[in-house]
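Colleague: Hi! Could you walk me through this one while I have it open on my screen?
Modeller: Happy to, ask away.

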Amino acid sequence: MSKPEFDSDGFQIVKSKNSLKSKVIVPTKDFKKQDIKIDIEKSRRRIEIAIEEVKESQYLKDVVQKVSQIADDKNIVEIICFGLGHISECNISRYQLALLLCLKQKFNPHDVFVHDPIFYTNECTLLTKFGLSVIVENTEGSYVIRKQGVTLAYFPHCPKQLTNNFLWSNWGLNLDNSILICNSFSSLVVNQPSRVLKQIVPCISNIHPLTSEVTLENSFVYKDIFNDTSIHYFPKEKLESVPSNFWLADDKPDYKNIEEFITSEMIDKLTL
């Protein structure tokens, strides 16, 4: 058997005949943050090509239509995106960024925030050139949404712990003001034992019965970019249907020995 291959970020990769590039699976145990110089203009041109492809796609039209229907008469005031990966090196990341930029153009929110603990410094510079605000601190997916207007949260193929932390940080009736584009909750519930979900990602497990999920047809030309992606939202009437003690806040989830999830502690150790 051949030895496993790893990319420049220390991620194990798996080859796929139909993928644009090998698909990132999990980080290795010894996470080592690197900062590599990139050709900003070359990367920018590649991203602009990806934007044009996404802009003309039925997939974008479907996402915009369904998000608009869910938001109804509310304005999308901000977009928050976690986990894009290396936009200068990975085609999957590049097209996921292209979708984010197309959504920015379509909905024209006040702010668009992005974060990934593995971003290179020059990638952050490139993201700002596209009008995005880079969150420096690794909040591990925790982000408190606004109380007025809709927050569109975009977590492309992210670890479920990121999504769980986002839900935890907004646990309450204000989840009605969020729309979440991420890996399908329903698929996760079907494929994982309930006791495991309750232990590892309790917020996802608890909120799933109160969630309305819209499955997105994987119609984009490259099938490994947006696969297993759904739109999730939390209707007010569902959130109000449970007893008030359902919303009592627990301590922030603590993830131990989970290789797929890059914690702030792992990042802090790199500066010691």
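Colleague: Is Glu 48 buried, exposed or partly exposed?
Modeller: Glu 48 is partly exposed, since its relative accessible area is 35%. Keep in mind that this is a predicted model.

Colleague: Noted! Which side chain does Glu 48 meet in a salt bridge?
Modeller: That of Arg 44, at 3.3 Å from N to O. Both residues lie in helix α1, 4 residues apart, which is about one turn of the helix. Arg 44 is partly exposed too, with a relative accessible area of 25%.

Colleague: What else does Arg 44 do, say over the face of a ring?
Modeller: Arg 44 lies over the face of Phe 130, 5.4 Å from the ring centre.

Colleague: Back to salt bridges, how many are there?
Modeller: The count comes to 6. One of them joins the side chains of Glu 52 and Lys 55, at 3.5 Å from N to O. Those two also lie in helix α1, 3 residues apart. Glu 52 is partly exposed at 43% relative accessible area, and Lys 55 is partly exposed at 29%.

Colleague: And what about Lys 252, which residue does it form a salt bridge with?
Modeller: With Glu 140, where the closest N and O atoms are 3.8 Å apart. Lys 252 sits in the loop between α9 and α10, and Glu 140 in the loop between β6 and β7, so the pair ties together parts that are 112 residues apart in sequence. Lys 252 is partly exposed, with a relative accessible area of 35%, whereas Glu 140 counts as buried at 8%. There is also a network: salt bridges that share partners join Glu 78, Asp 111 and Arg 146.

Colleague: Switching topic, how many aromatic pairs does a search of the whole structure find?
Modeller: It finds 11. In one of them, Phe 82 and Phe 155 are edge-to-face, 5.2 Å centre to centre with 85° between the planes. Phe 82 is in strand β4 and Phe 155 in the loop between β7 and α5, so this pair links parts 73 residues apart in sequence. Both Phe 82 and Phe 155 are buried.

Colleague: How far apart are the ring centres of Phe 113 and Tyr 143?
Modeller: They are 6.0 Å apart, and the planes are at 45°, so that pair is tilted. Phe 113 belongs to strand β5 and Tyr 143 to the loop between β6 and β7, so the pair ties together parts 30 residues apart in sequence. Both are buried. Elsewhere, ring pairs link Tyr 59, Tyr 95, Phe 220, Tyr 222 and Phe 226 into a cluster.

Colleague: Nice. How many residues are in the largest nonpolar core?
Modeller: It has 46, and Val 67, Leu 97, Leu 100 and Leu 103 have the most contacts inside it. Helix α3 gives the most to this core, with 10 residues. Leu 103 touches residues including Leu 60, Ile 79, Leu 152 and Ile 181. Apart from that core lies another, of 28 residues, among them Phe 113, Tyr 143, Leu 210 and Leu 239.

Colleague: Last one: where is Ser 88?
Modeller: Ser 88 is in the loop between β4 and α3, and counts as buried at 8% relative accessibility. Its side chain is joined to that of Glu 123 by a polar contact of 2.7 Å. Among the other residues that Ser 88 touches are Ile 38, Arg 46 and Tyr 120.

Key:
Residues numbered from 1 in each chain as written. Predicted model: local features only at pLDDT ≥ 70, side-chain atom pairs only at ≥ 80, totals over all residues. Heavy atoms only, no water. Phe/Tyr/Trp six-rings, centres within 6.5 Å; stacked < 30°, edge-to-face > 60°. Buried < 20%, exposed > 50% of the residue type's maximum accessible area, 1.4 Å probe, protein only. Lys NZ or Arg CZ within 6 Å of the ring centre and 35° of its normal. Polar contact = N/O pair within 3.5 Å; in protein donor to acceptor, adjacent residues only side chain to side chain. Contact = heavy atoms within 4.5 Å. Core = buried A, V, L, I, M, F, W, Y, C linked by side-chain atoms within 4.5 Å. Salt bridge = Lys/Arg side-chain N within 4 Å of Asp/Glu carboxyl O. Lists of a residue's contacts leave out its neighbours within four places in sequence.
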